[in-house]
Amino acid sequence: MEMFTSWRTWDEARAGLTAAGLDERVVATLERAAEAASRWHGDQRRPTGAPYLEHLLEALEVLVRGAGVTDPAMLAAALLHDVVEDTDATVADVEAGFGADVAELVDWLTKPPAAGPDRQAKRAAKAAYLRRLGDAPERAVLVKLADRVSNVQTLDRMAPDFQRRYYAETVTYILPMAERHPWFAGWYAAWRDRFTALR
């Protein structure tokens with residue numbers, strides 16, 4: 001199973017984007033997106049304690065180095081996909097900074113708030129969101145698939161109960177979407193084999 005953890009900083013991502021042949025104007029836009037994401041996410045951390053930007057750069061790396069995506073809006077959306085869900089940023093803020101195309105993708109990727117504060121309400125809201133993604137534009141689906149690759153490639157670093165729940169959720173909702181895209185289908189098949197003990 002290929003890992004996507006080599007773009008830890010913007011400088012590393014920039015080098016990778018340039019090596020992939022992306023136009024310097026696109027790279028400059030992505031740098032602005034990374035800066036905006038860093039500003040909006042602030043001190044937010046991943047469950048491992050790593051800076052949140054690492055997750056966003058991993059999703060970007062998956063799209064570019066793994067799936068071969070060069071669409072600038074999709075790449076910007078990968079960096080901004082959590083800002084509306086997890087920060088004070090709005091879809092209008094994203095549109096003002098990066099245009100309607102990026103904002104629409106981010107909107108599709110934003111999980112609506114749960115109907116209540118308890119765990120069951122949060123899980124129901126997440127399941128509804130993942131089902132809705134089945135109707136999303138394919139470009140939004142590809143960004144979601146990259147987002148989930150970042151989250152599940154190191155699933156073994158999470159608490160055991162979380163591992164089992166997240167594995168089941170990924171198999172139920174994400175793998176059917178991945179089957180429509182050959183590179184992602186292959187990656188997730190290898191991932192499922194690696195984590196088969198969580199079935």
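Figure 1. Arg 148 is found in helix 9; helices (H or I, at least four residues) are DSSP runs numbered from the N terminus. The model is predicted, so local features need pLDDT of at least 70 and side-chain atom pairs count only at pLDDT 80 or more, whereas totals for chains, interfaces and linings use all residues. Residues are numbered from 1 along each chain as its sequence is written, and side-chain values use heavy atoms, with hydrogens and water left out. With a relative accessible area of 1%, Arg 148 is buried (buried, under 20% relative accessible area; exposed, over 50%; partly exposed, in between; 1.4 Å probe, protein chains only). The side chains of Arg 148 and Glu 169 are joined by a polar contact of 2.7 Å (a pair of N or O atoms within 3.5 Å; within protein, one must be able to donate a hydrogen and the other to accept it, and residues adjacent in sequence count only if both atoms are side-chain atoms). Arg 148 also lies over the face of Tyr 166, at 4.1 Å from the ring centre (CZ of Arg or NZ of Lys within 6 Å of the ring centre and within 35 degrees of the ring normal). Not counting residues up to four places away in sequence, the residues touched by Arg 148 include Lys 126, Leu 130, Thr 170, Ile 174 and Tyr 188 (contact, heavy atoms within 4.5 Å).

**Figure 2. Leu 142 in helix 9.** Leu 142 lies in helix 9 and, at 16% relative accessibility, counts as buried. Leu 142 and Val 69 are 73 residues apart in sequence, and their C-alpha atoms are 9.1 Å apart in space. Leaving aside residues up to four places away in sequence, Leu 142 touches Leu 63, Met 74, His 181 and Phe 184.

**Figure 3. Helix 8 and the helices around it.** Helix 8 comprises 14 residues (residues 119-132), which at 1.5 Å a residue should span 20 Å; the end C-alpha atoms are 20 Å apart, in agreement. The expected span is 1.5 Å times one less than the number of residues. Ala 121, Ala 125, Ala 127, Tyr 129 and Leu 130 are the buried residues of helix 8. They pack against helix 7 (100-108), helix 9 (138-152) and helix 10 (160-178).

**Figure 4. Aromatic pairs.** The whole structure contains 7 aromatic pairs (rings of Phe, Tyr and Trp, the last by its six-membered ring, with centres within 6.5 Å; planes under 30 degrees apart are stacked, over 60 edge-to-face and the rest tilted). The ring centres of Phe 4 and Trp 183 are 5.7 Å apart and the planes are at 75°, so this pair is edge-to-face. The pair links distant parts of the chain, 179 residues apart: Phe 4 belongs to the segment before helix 1 (10-19), and Trp 183 to helix 11 (residues 182-194). Phe 4 is buried at 0% relative accessibility, whereas Trp 183 is partly exposed at 25%. Trp 191 and Phe 195 form a tilted pair, 5.8 Å centre to centre with 45° between the planes. Trp 191, at 0% relative accessibility, is buried, as is Phe 195 at 6%. Tyr 167, Trp 187, Tyr 188, Trp 191 and Phe 195 form one aromatic cluster.

**Figure 5. The largest nonpolar core.** This core has 67 residues, and those with the most contacts inside it are Leu 30, Leu 60, Leu 80, Phe 184 and Tyr 188 (a set of buried Ala, Val, Leu, Ile, Met, Phe, Trp, Tyr and Cys residues joined through side-chain atoms within 4.5 Å). Among the residues touched by Leu 80, not counting those up to four places away in sequence, are Ala 33, Trp 40, Val 94 and Phe 98. Arg 39 lies over the face of Trp 40, at 5.7 Å from the ring centre.

Key:
Helices (H or I, at least four residues) and strands (E, at least two) are DSSP runs, numbered from the N terminus.
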